[in-house]
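Please view the sequence and the structure before reading on.

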Amino acid sequence: MSVTVSSEDRGFTLGDGVFDTALALGGVVFARKRHVARLVAAAQRIGIAIEAAAIEAAMQAALTSAPMILRTTVTRGTAARGLWPASVGAPTLIVATAPWSPSLLGQPARLITASGRRNEFSPTANLKSLGYLDHILAAREAALAEVDDALILNTQGRIACTTIANVFALIAGRLITPSLAEGCLPGIMRALVIEAAPRLGLAVEERPLAPAALAGADAVFLTNSVRFLRPVRSLDGALLGDGGDIVRDLQDIVLNGADSTR
């Protein structure tokens, strides 16, 4: 279904909005309530008032029984020119869909380190804002290097994320992931892995993580809502530990143990 967006919509002209990406299987959005709550909170952070019920209804209208990716976008809507308008109309809410294949699960990833940096001090550092050009250019670097994704460091040279995922490292029996203060997104899959890890006897630490620490890690993996857990095989050409079955076991717990509606 095609949707027409006004040429004066601030999402189009200024990137003034936020978005969410979720997976739907059999007409059910995985972790739906978490996705909706995060999107509502992100919109509120930038001063856009939108009700969870409106997002829920738009998602439901887009669903079929086919496996699909849902991209839900909320913008400030149309307004007169100016960076901060005196008044705006209703927010724009759009749900777009794309087919999903289970072949995306568990695909190993090769990474390079992006040349750009993520600003952990930015007010949008923890938001899925529409201004994604930094990550687009990092993804271009990865494509030119013929690898799968790019590791993005923050201004202190520590790990923030990749272009589309949160990062985890298994080091000395502890599962470590950058804290939100490092500039990463509060990923839905990130949260589910943090909750699942204790069931495998793994303590979780949210703290700064230097890229050099990945070389000695037992396993490194990425998380996002479309690919779930993705083991990292190499960084800048250097092989990384595969961690045995730990990534698969964590993914099984998340897939089978999480309430798909919560």
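**Helix 2 and what follows**

Gly47 comes after helix 2 and has a positive phi, near 85°. The model is a predicted one.

- Helix 2 covers residues 32–45, which makes 14 residues. From its first C-alpha to its last, helix 2 reaches 20 Å, close to the 20 Å expected at 1.5 Å a residue.
- The buried residues of helix 2 include the charged residues Arg34 and Arg38. His35, Val36, Leu39, Val40, Ala42 and Ala43 are also buried.

- Eight bridges join strand 1 to strand 3, in the antiparallel sense. Within this pairing, Phe19 is opposite Thr73 of strand 3.

**Strand 12 and its partners**

- Strand 12 spans 228–235. Seven of its eight residues are buried, so that under 20% of the relative accessible area is left for each of them.
- Strand 5 pairs with strand 12 in the parallel sense, over three bridges. Ala109 has Val232 in strand 12 as its bridge partner.
- Strand 11 runs antiparallel to strand 12, and four bridges join them. Thr223 has Leu229 in strand 12 as its bridge partner. The two strands form a hairpin, with three residues between them.
- Strand 13 (residues 238–239) is also antiparallel to strand 12, with two bridges. Ser234 is opposite Leu239 of strand 13.
- Strand 12 and strand 13 make a hairpin with two residues between them. Asp236, in the turn of this hairpin, has a positive phi of about 55°.

**The cavity**

- Rolling a probe the size of a water molecule over the atoms shows where empty space remains.
- How many cavities of 30 Å³ or more are there? The count is one, and the largest cavity holds about 50 Å³ of space.
- The lining of the largest cavity is made of Asp149, Thr162, Ile164, Ala165, Leu222, Thr223, Asn224, Arg227, Phe228 and Arg230. By class, four of the lining residues are nonpolar, three are polar and three are charged.
- Which strand gives the most to this lining? Strand 11 does, with three residues. Strand 11 (219–224) and strand 12 each supply at least two residues, and these two strands are the ones that form the hairpin with three residues between them.
- Thr223, which lines the largest cavity, is the residue whose bridge partner in strand 12 is Leu229.

- The largest pocket has a volume of about 420 Å³. Of its 23 lining residues, Thr21, Lys128, Tyr132, Ile164 and Asn224 are closest to its centre.
- Strand 1 (17–25), strand 7 (159–162), helix 5 (188–196) and strand 11 each give at least two residues to the lining of the largest pocket. Helix 5 has the largest share, three residues.
- Nine nonpolar, nine polar and five charged residues make up the lining of the largest pocket.
- The second largest pocket has a volume of about 370 Å³. Its lining has 19 residues, and Arg117, Arg118, Gly131, Asp134 and His135 lie nearest its centre.
- Strand 5 (109–118) and helix 4 (133–144) each supply at least two residues of the lining of the second largest pocket. By class, this lining has seven nonpolar, eight polar and four charged residues.
- Strand 5, which contributes to the second largest pocket, is the strand that pairs with strand 12 in the parallel sense.

Key. Residues numbered from 1 in each chain as written. Predicted model: local features only at pLDDT ≥ 70, side-chain atom pairs only at ≥ 80, totals over all residues. Heavy atoms only, no water. 1 Å grid on protein atoms, 1.4 Å probe; cavity = no way out; pocket = protein on both sides within 12 Å on 5 of 7 lines; lining within 4 Å. Points joined across faces, edges and corners; volume = space filled by probe spheres on them. Buried < 20%, exposed > 50% of the residue type's maximum accessible area, 1.4 Å probe, protein only. Pairing = 2+ DSSP bridges. Expected span 1.5 Å × (residues − 1).
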